[in-house]
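Trainee: Can we go through this model together? I'd like to ask about the backbone first, then the sheet and the surface.

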Amino acid sequence: MKELKSCPVCQSISFQKFITAKDYTVSRETFALVKCDSCGFIFTNPIPDPERLGEYYLSDDYISHSKKATGVIDKIYVVARSFTLKWKLGLIQKYTGNQDKTILDYGCGTGDFLKACKDKGWVVTGVEPSEKARQLATDQTGEKIAASLKDVETKEFNTITLWHVLEHIEDLNHTLQQLKDKLSPNGTLLIAVPNHAAWDGTHYGQYWAGYDVPRHLWHFTQQTMTTLLTKNNLKLDDIVPMKLDAYYISLLSEKYKANGKAGLAGMIIAAANGLRSNLSARKNKNYSSLIYIVRK
């Protein structure tokens, strides 16, 4: 295990235990989350050694790296993903306007979003470290998917997207700087991450699926994300909610609470809690997942 000695957002060396959470997807191991005494940032600590971290993605249950929908929740995810792809396309069009349609999807998974963009005339580039997911993305898009940013030859992109990716990246600040260098002067960076300050995050606590330890290394709020962006000389332009996530995260959380067998009752409770979370977020924008619209 690798223990982090300082907060990646503010470099403070003082943290306190926040919560412990279980890996319900792969290992069934328990991991600690700590909270920085200075800036309030929450992160998994310690984390698996870098050479072992990939092992925690090796499961068909980790559907963003697999095309298999093996259960009811996975099938719901696939249906929701189809709707969300169209919504994301509209979103990037809204925030990029009439700029050249060049897009980099960092952490593109199996390539669904890239294919949707390509079908709409975008010039697409993907980065995906998982060999299995990278091959699926290559097959789906007809494009060579890079394993890392250093393998991307294009110098600049008008749009860069990270759909639930930043929370997985070990070298947080260095990666943000690399992406910043790849962003054109008037370009748009879209970063989607879970928000543990949402009602469902507080309600489910250690069972909240948004923690997804140890794959999720970092656990953001609006405040800590803003601090991180400022540190990296990036400007926050807008925040957009991902309202469907409250239902999906609540459904997974109910499953975890019930040790994998939430059943119909759990699905009904999850739907009610997803709605409650979204209604609560009307006041403070603390939705279960948020997209940060960022510029240089």
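**Loops, sheet and surface**

Trainee: Where in the chain is Pro46 placed?

Mentor: This is a predicted model, with local features needing pLDDT of at least 70 and side-chain atom pairs pLDDT 80 or more, while totals for chains, interfaces and linings use all residues. Numbering starts from 1 along each chain as its sequence is written, and side-chain values use heavy atoms, leaving out hydrogens and water. Helices (H or I, at least four residues) and strands (E, at least two) are DSSP runs numbered from the N terminus. On that basis, Pro46 sits in the loop between strand S3 (42-44) and helix H1 (50-53).

Trainee: What is omega for the peptide bond from Val213 to Pro214?

Mentor: Pro214 is in the loop between helix H6 (199-204) and strand S8 (218-219). The bond from Val213 to Pro214 is cis, with omega near -5°.

Trainee: Is His164 buried, partly exposed or exposed?

Mentor: His164 has a positive phi of about 55° although it isn't a glycine. Buried means under 20% relative accessible area and exposed over 50%, with partly exposed in between (1.4 Å probe, protein chains only). His164 has 24% relative accessibility, so it counts as partly exposed.

Trainee: In what order do the 6 strands of the open sheet come?

Mentor: Two strands pair if DSSP finds at least two bridges between them. The pairing in this open sheet is mixed, and the order is S5-S4-S6-S7-S10-S9.

Trainee: Which are the edge strands?

Mentor: Look for strands that pair on one side only. Those are strand S5 (123-127) and strand S9 (235-241).

Trainee: At about what angle does helix H7 run to S10?

Mentor: Axes are lines fitted to C-alpha atoms, for helices over the stretch in contact (heavy atoms within 4.5 Å), and angles run from 0 to 180 degrees between N-to-C directions. Helix H7 (residues 222-231) lies across S7, S9 and S10, and its angle to S10 is about 20°.

Trainee: Is Phe83 buried or exposed?

Mentor: Phe83 lies in helix H2 (residues 72-96). Its relative accessible area is 52%, which means that Phe83 is exposed.
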